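Good morning, and thank you for coming.

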Amino acid sequence: MITLLLATILCAPCEPPRQDPPNILFIMSDDHAWQAISAYGSDRNVTPNIDRIARNGITFDRYYVENAICAPSRAAILTGMFSEHHGVPTNSEVFDGAQPTFPALARESGYQTALVGKWHLKSEPVGFDHYERLIGQGPYYRPRMIRNGEEVVHPGYTTDVITDLAVDWLEDGRDRSKPFVLMVQHKAPHREWMPGPDHLEDMVGIDLPEPATLFDDYTGRGSASTMQEMTIKDHLRPMDLKLEMPDWMMRMTPEQRAAWDAAYEPRNEAFRALELTGMDLIRWKYQRYAKDYLRCIASVDDSVGRILDTLEAQGLADDTIVIYTSDQGWYLGEHGWYDKRWMYEESFRTPLLLSWPGVVEPGRRTELLSQNIDLAPTFLEIIGVEAPPRMQGRSLLPVLEAADDAEVEDIGWRDALYYRYYESQGPHKVPKHEGVRTRRYKLMVFPELNEVELYDLEVDPDELHSLDDDPAYAAIRSRLEDLLVELRSRYRVSGDW
Ligand code: CA
């Protein structure tokens with residue numbers, strides 16, 4: 001009786017009863033730019049199924065990563081820690097699967113856990129009742145996969161294969177007496193952006209809008225942005241542009257190969273006949289690259305639709321939290337680039353959408369600063385497991401439960417994010433850097449160059465004019481430099497490189 005009274009007092013107005021704890025369905029793609037999701041206002045594609053999650057749940061408009069590159073991000077999501085602590089600061093290290101991760105802790109608490117798709121952490125997945133993972137990056141067609149330690153080969157298009165594995169598991173792989181964590185991790189839309197059979201003909205005959213900074217000349221900033229090797233102009237290879245395809249990329253069935261050749265051969269012949277040069281050639285490369293990237297996303301969006309439909313058909317929709325995210329953001333031609341790595345907004349900022357029927361207000365958006373280290377503590381709090389003290393992120397549960405951002409600000413929320421990128425000797429030659437971002441400002445420090453960049457994002461959202469030596473911003477620079485030291489200390493990150 002007392003319990004019932006308390007429940008009545010504590011949950012007014014009462015929501016309908018829900019399964020407690022809920023299932024967690026975590027869908028992550030690889031390199032999906034927030035600019036390429038219609039819920040984030042894309043001017044170049046539509047993602048009707050990913051938008052279903054936005055419509056049913058919350059869209060994070062200021063969600064960021066701690067290190068904008070694949071393997072470090074995956075380790076940060078699993079462990080809730082910065083790169084300095086999870087042991088994978090670049091794409092080269094082997095992830096230590098013995099450390100606490102949210103799926104392993106969920107499993108210990110009674111969840112059934114499964115992973116299908118890309119893993120990319122060099123060690124075997126730990127903490128899953130079932131997994132079927134790609135080998136390394138995995139190909140776009142006919143992938144070899146490791147299913148609980150055994151190799152299997154699938155004849156299909158990789159995005160569709162991963163979707164089939166997720167749907168099959170939801171239909172037949174579950175232990176229906178337990179809540180579940182299912183991680184569905186796509187390879188797409190990672191380089192080399194090979195579209196699937198269903199989308200080879202998308203966007204033919206139309207011109208995509210060009211980003212305002214496609215022809216960025218990198219003036220107005222320090223030297224870092226001139227040193228990279230990720231321009232559409234100079235660094236896309238013939239195979240990236242589908243002009244010369246090596247055998248290892250064309251691991252297709254005869255039917256898949258015939259459809260591919262029928263799509264690309266006439267387009268390539270038409271391109272060669274034009275003999276483009278200069279800006280016309282850059283514009284052509286941008287269109288070819290961006291369309292192939294968006295075609296890959298179309299298959300990912302189809303995948304989300306099939307998985308959401310399966311949840312509904314299985315009667316799971318009301319009891320399942322659905323997350324869509326990417327391991328980091330991406331340049332879809334902004335600053336003339338493809339790839340990621342930078343603390344500039346396009347790659348630092350990352351999509352995050354989450355629906356939770358009965359808890360998250362449908363259609364809500366938040367501008368509170370959040371980061372990928374927050375996901376593990378969030379999931380653990382939701383399932384009722386205490387996050388280990390080593391986890392450095394902050395549970396987003398108050399954000400999910402609030403009606404608006406003001407409600408969360410009343411109880412206090414973070415006002416700055418820390419970022420650090422380590423892989424300066426790797427591909428694309430992006431110099432090491434670290435930085436701090438507040439709601440309005442961003443300070444970036446390049447230790448090898450002895451340079452600082454400072455942006456006022458309210459007046460310069462494209463980050464074209466560094467204010468590092470502007471006297472009007474001297475006090476702000478000084479405050480941000482202090483904040484950087486403070487965050488390093490809070491997160492126990494070394495000042496040395
Ligand atoms: Ca990635």
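Is histidine 186 buried or exposed? Histidine 186 is buried, with a relative accessible area of 0%; buried means under 20% relative accessible area, exposed over 50%, and partly exposed in between, with a 1.4 Å probe and protein chains only.

Before I continue, a word on the basis of these values. This is a predicted model, in which local features need pLDDT of at least 70 and side-chain atom pairs count only at pLDDT 80 or more, while totals for chains, interfaces and linings use all residues. Residues are numbered from 1 along each chain as its sequence is written, and side-chain values use heavy atoms, with hydrogens and water left out.

To return to histidine 186, its place is the loop between strand 8 (180-185) and helix 7 (224-227). Helices (H or I, at least four residues) and strands (E, at least two) are DSSP runs, numbered from the N terminus. The side chain of histidine 186 makes a polar contact with that of serine 303, at 2.9 Å. By polar contact I mean a pair of N or O atoms within 3.5 Å; within protein, one must be able to donate a hydrogen and the other to accept it, and residues adjacent in sequence count only if both atoms are side-chain atoms. Leaving aside neighbours within four places in sequence, histidine 186 is in contact with residues including Ser29, Asp30, Lys118 and Val300, where contact means heavy atoms within 4.5 Å.

Asp30 brings us to the metal site. Which residues coordinate the calcium ion? The donors come from Asp30, Asp31, Cys70, Asp327 and Gln328, at 2.2 to 3.2 Å. Donors are N, O and S atoms within 2.8 Å of the metal (3.2 Å for Na, K and Ca), and water is not among the atoms, so sites may look incomplete. Along the chain the donors follow the spacing D-D-x38-C-x256-D-Q. Aspartate 31 lies in the loop between strand 1 (23-29) and helix 2 (48-56), and glutamine 328 in the loop between strand 9 (320-326) and helix 10 (345-348), so this pair ties together parts that are 297 residues apart in sequence. Aspartate 31 is buried, at 0% relative accessible area, and glutamine 328 is likewise buried, at 0%.

Methionine 203 is buried, at 18% relative accessible area. In the loop between strand 9 and helix 10 we find arginine 341, which has a positive phi of about 80° although it is not a glycine.

I turn now to the aromatic residues. How many aromatic pairs does a search of the whole structure find? The search finds 29. Rings of Phe, Tyr and Trp (its six-membered ring) pair if their centres lie within 6.5 Å; planes under 30 degrees apart count as stacked, over 60 as edge-to-face and the rest as tilted. Tyrosine 289 and tyrosine 293 form a tilted pair, 6.3 Å centre to centre with 50° between the planes. The two are four residues apart in helix 9 (residues 278-313), and are therefore separated by about one helical turn. Tyrosine 289 and tyrosine 293 are both buried. Elsewhere, one aromatic cluster is formed by Tyr218, Tyr331, Trp337, Trp342, Tyr344, Phe446 and Tyr455.

Two arginines sit over rings. The charged end of arginine 349 is over tryptophan 34, 3.9 Å from the ring centre, and arginine 420 lies over the face of tryptophan 497, at 3.7 Å. The criterion is NZ of Lys or CZ of Arg within 6 Å of the ring centre and within 35 degrees of the ring normal.

Finally, the domains. The assignment gives domain 1 (18-194 + 293-415), domain 2 (202-289) and domain 3 (417-490); such bounds come from an automatic or database domain assignment. The C-alpha centres of domain 2 and domain 3 lie 31 Å apart, and 12 residues of domain 2 are in contact with 14 residues of domain 3.
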